[in-house]
Structure formats: structure tokens, C-alpha cells
Amino acid sequence: MPVNLTQNAVSAITAGDVNSKPLVQVLDIKLIGSTQERYRLLISDSVLTQHAMLATQLNDLVKSGRIRKGTVVQLIDYICSTVQNRKIIVILNMETIIPDCDIIGNPKMIGDLDTGVQRSVPDRNNGSATLTNNNNLGTQNSGRSNFSNSNNLISRNSGSNNVQSFRPTVQPAYLPPPIYKNHGAIVKNEAPARIVPIAALNPYQGRWAVKARVTAKGDLRRYNNARGDGKVFSFDLLDSDGGEIRVTCFNAVVDRFYDIIEVGKVYMISKGSLKPAQKNFNHLKNEWEIFLDTSSTVDLCPDEDASIPQQQFSFRPISDIENVENNSILDVIGIVISVNPSVPILRKNGMETQRRILNLKDRSGRSVELTLWGDFCNREGQKLREMVEAGHFPVLAVKAGKVNDFTGKSVGTISSTQLFIDPDFSEAHVLRDWFDGGGKDVASQSISREIMPGGLKNEIRKTVSQIRDEGLGRSDKPDWITVKATISFIKTDTFCYTACPLMIGERQCNKKVARSGNSRWLCDRCNQEFEECDYRYLLQTQIQDHTGLTWVTAFQESGEEILGCSAKDLYLLKYEEENELRFAEMIKSCLFTQFMFRLKIKEELYGDEQRVKITVVKAEKVNSSTECRYLLEQISKFSFR
């Protein structure tokens, strides 16, 4: 039984059709490109053939064998571009309909119909040329393309020849402001551009324009390199089809467009160049990035276009963040349950910035720390703190937060991050209803600082003696366990160290510092001096349970959890106030107190000797109720006879 390809599909696409979603057959596949893998296809509608470029995000279809010679496919998203006076179809999305099929019809290249050249397509099975009659082929009309999109792959009436006349849908041309009036003939580069969906943009197009809303605008940044000083800024666009792309401007182009671009406004942009997106700076789901130059046009669309959304989110549940890679960019939404005060942080360049930490929870049963940096602290951060203190726990949507995996997973703001307090969309309403309906009292487990790889759901409880007996920490990866133990001794001579307070990126340096000759503190790593240093815990503690004892090391956060005060306060108490009695009381108050220690165990090299290092990741006093439930659950697993 014959297979019906969409009649006159090639002619319609080359004439400008982008909406018909035709069925075509792949006749040939060729790998091209040296720097970036790209596949060129030869597609057929059973009468004509035409070359097509496959978007790089579809390369896996070829590599996995889902698309091969003879495959019948349906084109979902596509566009025809002119490259060096040749028409090339760019395929952005398609679906496999029949994986393997003999050549249908006797198709010829689209230019061969006018010249009368007879080119037969080689048979895939025996290599000989075949001429296949297709009873359902439409007739060629020089005046217009007759186009039929068959919904059924198998012809139900092979004798019929029903063809639906159809004039292909061509997107209207975008006409820029009338700057060409009385200029005579329009030169090649000033021809009106056609509005193209962002998802269809590619370097093979000539003239194009996009109509989109600005969803984010980056700060103006200055730089210095071998070519001299410069400045740069970028902004993100979103169109009515949900496509997103970043636009970047340098130097003189910054002067033209920086003050024009406003977040939330809709613009018509044309005459830019497309280059591969730099994924270490660009988190948008687009392989291309627009670079504007002095000939580019950016025109404000004064009439609001309701078809273009204000913002587009791709929210991840907080529980999913546990398994997300470090430095990933994502969207998250949750209820703000606590907001810490803003604290000053000294960056490596000597500039001071602000940091504020708040906590979000959602319906996944997890909570996460969100770190606000810079202006976010005093703008949204202060507003959130006032709302929480007033008893209102707001919904916060975070667009483009950066994941950090330092002792657990957390999310931090970057320059392109946007925060939306109590936003008006469905996800926020659902979360609010859940929280007000009882979610406020539902316990949530934090994935920040206290959770180990694998999560508490895979928590491994061990005794102290099992650390040695089972050789924990001696494999390539560290072991993460939980131990219920009592603190029996704390070294007090070196309980903390003086640390560098400067920021390197989003992390504090924390390198040990010493006094310089002028009584200022000097960091060898940052090669800078400063008036005040930081104080960080380095507790050497002995813990024991009913099976034995061992030494562990507790750093800043876990040290504060054990002693209940900051390292700086304890340092000043001992060395500045010289209150030895009070210092001793604070140390003794922690001794013989039972904690749940979450430990990281890893073998490390000290000089020429391998030693197992045990680090306290989290320390919390034993909750009798929780511990009883755990013990009862363990007892229930035993069968008594």
C-alpha cells in the first residue's frame, strides 16, 4: 500500500510556508562542519527534493538512528532561508513517522523541473534507479502551489486523486520606520525584514526581525583586555511563541541602546548577527545569541502585545535541587519562612557588598537557603524581612538563581536573577493555598548545609567503632554517615583561626591571614591587606558512644551549632576580655552533651602519610521524640521467635 507524502511540500516551503507541518521523506544525510557538528539532509515530497539543515539540538535523532535514509518524517518547526542565492530549509523540530521505507516516487531537485533534467533517485536496497508511480501525486501548477497535508499515512482510496488547493502562509514583512522615504532605490542590506520566531533564528538567514518583550536587563559592565577598555551589557527577549534569546551590545552600541531598553517593554529588533551562545554566561535555552552592531535597529512597539507573556518560568521543586549540578541556573518558587539580617561582606577587589540569607519551603517536603547579594539585600530582602516579622509569609518566585553545592545545596542570586514577591500566577496561588491550608505546620527538611549526597532519605546510621572496623573513607569517594555520640573533650588552644574576609566570586576566601608590619591583616592568597579579619572555627573535638571514641573536626557552621556562639565572640572573650572563667564555662556546657553528628569521612595525604579525616558537616542536639520514633522503627524490623 502506498504511503502518502504531503504533495507539493517542497514548493510550498520554499515559497514561504511555515505552518503546514508536511510529511516528507529523508533521502540522504551528510555530516558537515568542522568546528560544530551539523547534518545536511536531502528531503523529498515524492516529486521534488531540497536540501535541509538540521538544527544542532536534533543531532541525536541521527546519532541514535531514529532518522536515517528512507525515514518518513513530519516537519513541525521549520523555515526556508536563502544562503548564497540558494534556498535551504532549516529544520527546528520534527517527528519520525515511519523509520524505514523504500524511496517514494521519482523525485528530482527543485531546480530540475525547469531545465528538464531527469535525475533518478538510487534505490536504497540494490543501488539501481527506480521510478515509482504514486497515484496520489498532485499536479504542478506554475501559477501557485497546490498543497495537501494527508492526515493518514496509508491511502484508503488509491484510485482517488483528491487534492486540496492551498495558498501557503507567509509571515508578513516587518517594515521599519519610514527612514527610507525619498532615498531612491532600497539597497540590498536595507530590504524589509520578515518577523521570525526566536526559535527559528539561525545564522543561515539573511534579513530577519524579532518582536519580543525584554524580560531581563543586565548591568552595564566595564572591562579591560589586550585590545583596551570596553563596556558591555545584555538583555533577554521572550516572544509570543515562548522562545527566549539573549542580546549583547558592546562599546558604541551600548551608548545607543542601554537607555532605550526597559524591562517589560516590547521591541522590534533587526539587523543583528547570530553567534553561538556562551553557556558559561548564558543560561537561556537557545544555542544562539544576538549581537547588535551600529547598523542594528531597536524600535519600541508602543501598543502592548498581549500575546507576549510578561515572563516565562520553568520552576523546579526544591527536592529536585538536591540532584542538580553545581553552578546550574534554574527557577524556583517557595514560601519564605525566615529571613536573616543583612551582613556586610568585603570582596576581593576591596569593595564591600551585602549578603542576606533566607529560607524557602515548598510542597516537596524540602527547604533551601536562598542567598541574596548586593542590591537584592536592601531592596527585596528588606521587604521580605518586614513581611515575615509582621506574620505574613510571602510567596517568592526566583528567576535564574544559581545553584551552589558547598556543604549541601543552596541557591544564590546573580546579576540576571529576578525576584517576584507574591506574584499573580497559578503556581503562586497553588502554593499559597497549600501553605494557608496546613502547609505552614508541615515539617520540611533543609537541603542546605545539613544534607549529604543522596539525601536524608538514604541516611546511613553507624557507630563510632564501625568507622574503623569497616574502613570508611578509604575509597575514592568520601563516606557520609550519621553517628549519635557525646562530646567528651574539646581542644581550646586552637579552637579558631583568623581568616580572610574577602569574597572570591560568591564564596568567601577564608584563607588564614596574619598581621603585617603595619598592624593590618594580610592574605597571601588574595595579596591584599585589610583592617578587620574574620574568625572561623577549627574545633578539634573528641566524640564517643558505647562502642568507642574518635577525633573529629568541626568548621564554622558546625562549630557554631556545637558551642552556640560565633568564633569571633569566643575569641574576644578569651583573648580580648581575658575572661577565662566565662570561657571555661562555655566549653564545659558542651561536654557530655549528646548530638546527632553528620560526618564526612575521607582519607587524605598529610606529608607522606595517609590519614582518615572525619569532618562534622552538621551537629544537632538529639531530639528525644524523633530518636524514639527511629528506634521503634528499627525494633519493628526485627522478627522475634
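A nonpolar core is a set of buried Ala, Val, Leu, Ile, Met, Phe, Trp, Tyr and Cys residues joined through side-chain atoms within 4.5 Å, where buried stands for under 20% relative accessible area, exposed for over 50%, and partly exposed for what lies in between (1.4 Å probe, protein chains only). The model is predicted, so that local features need pLDDT of at least 70 and side-chain atom pairs count only at pLDDT 80 or more, while totals for chains, interfaces and linings use all residues. Residues are numbered from 1 along each chain as its sequence is written, and side-chain values use heavy atoms, with hydrogens and water left out.

**Exercise 1. Describe the nonpolar cores and the surroundings of Leu570.**

Step one: in the largest nonpolar core, which has 42 residues, the members that touch the most others are Leu563, Leu570, Phe597 and Leu599. The element that gives the most to this core is strand β23 (residues 479-490), with five residues; helices (H or I, at least four residues) and strands (E, at least two) are DSSP runs, numbered from the N terminus.

Step two: when neighbours within four places in sequence are left aside, Leu570 is in contact (heavy atoms within 4.5 Å) with Phe495, Tyr537, Leu563, Cys565, Phe583, Met586 and Ile587. A second, separate core has 32 residues, including Ile333, Ile335, Phe393 and Leu396.

**Exercise 2. Work out how helices α10 and α11 meet.**

Step one: two packed helices are described by the angle between their axes and the distance between the axes. Axes are lines fitted to C-alpha atoms, for helices over the stretch in contact, and angles run from 0 to 180 degrees between N-to-C directions.

Step two: the axes of α10 (residues 567-576) and α11 (residues 580-588) come within 8 Å and cross at roughly 145 degrees. From α10, Leu570, Leu573 and Lys574 make the contact, and from α11, Glu580, Arg582, Phe583, Met586 and Ile587.

Step three: in the loop between α10 and α11 lies Glu578, which has a positive phi of about 55 degrees although it is not a glycine. Is Glu578 buried or exposed? Glu578 is exposed, with a relative accessible area of 60%.

**Exercise 3. Compare the pairings made by β34.**

Step one: β34 (residues 609-621) runs parallel to β32 (residues 548-554), to which two bridges join it, and Ala554 has Val616 of β34 as its bridge partner.

Step two: β33 (residues 594-606) runs antiparallel to β34, and 12 bridges join these strands; Met596 has Glu620 of β34 as its bridge partner. In the hairpin of β33 and β34, with two residues between the strands, Gly607 takes a positive phi near 65 degrees.

Conventions. Two strands pair if DSSP finds at least two bridges between them.
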